[in-house]
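Me: I would like to go through a structure by question and answer. Please keep to computed values and give the cut-offs.

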Amino acid sequence: MAATVTTSLVTATEHDPDRCESEEETRGAEAEDSGQQQQTGPVTVSHSRLSKLPLSRIKALMKTDPDVALASQESVFIIAKATELFVEMIAKDALVYAQQGKRKTLQRKDLGKWIKHVLNSI
C-alpha cells in the first residue's frame, strides 16, 4: 500500500498568519473575500497583529528602566518593530559568513564575525 503525501505552497494571495500585513493589504483582502465595498473612515488596527514580538514583555522591559514611568502602546509597538528590523538585519548580514563556511545554519561565530566587522568599520 503506497501512501500519497500532498503539499501546498502558500502564495502571496493566501492568508499566512505568520506574515505581517499592512493595513491596506488587510482591508483589500477582506473586501475581495467578502465582495462588499470598503468602508471609509478610521480603522482600528491592533498593534499585536503587526508585531512578531510579545508587546507585553517589551513593555515590561521598558518599565525596568527607572527613567520610564509610563509607556504608551504606540511607543511599545515602535520599540518592538525596531527590534524586529534590527534582528532581521543582523541575521541577514551574518548569513553571509555562514554561507562562506558553506553552511545554511547561523552559528554564534557568524554573529561574532559580523560584530567584529561592524566594530572595525567604525
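Me: What percentage of the residues of the chain count as buried?
Reply: This is a predicted model, in which local features need pLDDT of at least 70, side-chain atom pairs count only at pLDDT 80 or more, and totals for chains, interfaces and linings use all residues. Residues are numbered from 1 along each chain as its sequence is written, and side-chain values use heavy atoms, with hydrogens and water left out. Buried means under 20% relative accessible area, exposed over 50%, and partly exposed in between (1.4 Å probe, protein chains only). Of the 122 residues of the chain, the share that counts as buried is 16%.

Me: Which pattern does the chain follow along the sequence?
Reply: Helices (H or I, at least four residues) and strands (E, at least two) are DSSP runs, numbered from the N terminus. The chain has 5 helices and 0 strands. Read along the sequence, the pattern is α-α-α-α-α.

Me: Is Ser51 buried or exposed?
Reply: Ser51 sits in the loop between helix H2 (47–50) and H3. Leaving out residues up to four places away in sequence, Ser51 touches Phe77, Ala80 and Glu84 (contact: heavy atoms within 4.5 Å). Because its relative accessibility is 8%, Ser51 counts as buried.

Me: What is the length of the polar contact that joins the side chains of Ser51 and Glu84?
Reply: A polar contact is a pair of N or O atoms within 3.5 Å; within protein, one must be able to donate a hydrogen and the other to accept it, and residues adjacent in sequence count only if both atoms are side-chain atoms. A polar atom of the Ser51 side chain lies 3.3 Å from the backbone oxygen of Leu53. Between the side chains of Ser51 and Glu84, the polar contact is 2.9 Å.

Me: Why does Phe86 count as partly exposed?
Reply: Phe86 belongs to helix H4 (residues 73–100). Phe86 counts as partly exposed because its relative accessibility is 46%.
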